[in-house]
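Subject: Structure for you to look at

Hello,

Here is the structure I said I would pass on. Please open it and keep it in view while you read the notes below.

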Amino acid sequence: MPASAHLTLDPAFVVGPVRRRTFGSFVEHLGRCVYTGIHDPGHPTADADGFRQDVIDLVKELGVGTVRYPGGNFVSGYRWEDGIGPVEQRPRRLDLAWHSTDPNTVGVDEFMRWCAKADIEPMMAVNLGTRGVQEALDLLEYTNVVGGTHFADLRRSHGQEEPYRIRMWCLGNEMDGPWQIGHKTAEEYARLAKETANAMRMVDPDLELVVCGSSSSSMPTFGSWEATVLAETYENIDYVSAHAYYQEKDGDLASFLASAVDMDRFIESVVATADHVRAVGRHEKRINISFDEWNVWYQDRVASDIAKGDDWPVAPRLLEDRYNVADAVVVGSLLISLLRHTDRVHSASLAQLVNVIAPIMTEPGGRVWKQTTFHPFSLTATHAQGEVLQVALSSPTHSTARFGEVTSLDAVATRDAETGAVSLFAVNRSTTEPLELQVSLAALGGNLELVEALTYANDDHTWSATADDSESVLPEPNGSARLADGVLSVTLPPISWSCVRLQG
Ligand code: AHR
């Protein structure tokens, strides 16, 4: 008999709303994310702006709501003015972050046109590495001011009459990291971020501003960085960022599958720090989290090696990780963690969207295909609706080298009170044992029906999609799912992610 786990769902116990911004992603001028990724003028599906329609179709199917742009490490050396105006007059520039050349064929206007086509809310980052308050203000004037001044009229002269009115702005990127161009101490950054935020709000008081938190919870300054930066900027900003990447290290699959334990702790630590600063400063409002970079990333693999010396390639193949089924299970479980914290995580970005540690891959001028990680993201973005419910979870546990004893089951549920749709997302993190999951649904009423149970798993969890075969392992109907007497039962195979949908 498989070990059994149990959940109880009750519509009275709500964590918070499902936010479309939780299903954000990230487009950086890095490798082939932009050039030959979203933008490939020679491609048979490219539109008049050079954007691939086949990629846009998959972006929509993925269910992405927001996209962060243009970096990442790239933004800390970026001059946004290089990317506007007639394309043939734009300068080619060294991209120091990724030892590449940026031809600047795509800039802010092209990106905004792509967002409109892909039905995406933009999230813009300003350069606080090599630049500062003035350049951030100039960009904001270009994007958000109606007209009658230099940069606003410049935008209009480039064919965009109406301001873009971009709401979400990141004040720099990973400024705590010594690898960052223009890296700063917490005090230096906090001061610059505060002054930038202050001035940006003079242009547009409705902005939502994200201050840089830590680039990982293993940074030596983690915790103290947030405390210092928030103490200085608390009244000027709305969100603090968090970034986390996970990988299977030294063959320790059990720990890797439990990566969401680390993400849970990360989120809860940043919330505790933000609330401490709130208490000390006697502040009214709460600062929430923008988890604006998260994913599985095999940083030690060759795919992450950047060029050297005199070689400054355009759109090199960088960070083109190939994901397997276990990676997809981890991506699904990280989304469970983000949803579970929807009261304090108000925005998140899967890093990145196309080709670079991405769910969507392209061949230059050729095919587009889905990686394994596409599936849990797309199904969660589609079916997580309404409100996130607390799940009273009881589960067998198993031990892991990194996180000690962890529950084998991880799960979250959502309920849309208007449509009656209930969705359960569940992961079995055991590498060996199936789990018999029972879910008490009595509090949701007697007329619930089982709509669909899909499970993503494979006997060989190392299977990866390729351009030639991206479909032989897909989420499959889970025939074990039953609903009787207000109890849902379903068997979850080891190393699996599942989505069970009910209708009331
Ligand atoms: O997403 C890849 C890189 O990871 C980003 O440029 C940077 O912000 C992070 O370190």
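Is the crossing of α3 and α5 left-handed or right-handed? Before the answer, please note that this is a predicted model.

The two helices first. Helix α3 covers residues 133-144 and helix α5 covers residues 186-203. They pack at an angle of about 30°, and their axes are 9 Å apart. Angles under 35 degrees count as roughly parallel, so α3 is roughly parallel to α5. As for the question, the crossing of α3 and α5 is right-handed.

On the α3 side, the contact is made by Val133, Ala136, Leu137 and Leu140. Helix α5 contributes Leu192, Glu195, Thr196, Ala199, Met200 and Val203. Of the residues in this contact, eight are nonpolar, one is polar and one is charged.

Now the sheet. Eight strands close into a barrel, and their order is β3-β4-β7-β8-β9-β10-β11-β12. The pairing is parallel. On average, neighbouring strands of this sheet are turned by 30° against each other, with direction ignored. Strands of a sheet pair through backbone hydrogen bonds, in either a parallel or an antiparallel way.

Regards

Conventions
Residues numbered from 1 in each chain as written. Predicted model: local features only at pLDDT ≥ 70, side-chain atom pairs only at ≥ 80, totals over all residues. Heavy atoms only, no water. Pairing = 2+ DSSP bridges. Helix = DSSP H or I, 4+ residues; strand = E, 2+ residues; numbered from the N terminus. Axes fitted to C-alpha atoms, helices over the stretch in contact; angles between N-to-C directions. Parallel < 35°, antiparallel > 145°, perpendicular 65-115°, else oblique. Left-handed = near helix turned anticlockwise from the far one by under 90°. Contact = heavy atoms within 4.5 Å. Nonpolar A, V, L, I, M, F, W, Y, C, P; charged D, E, K, R; others polar.
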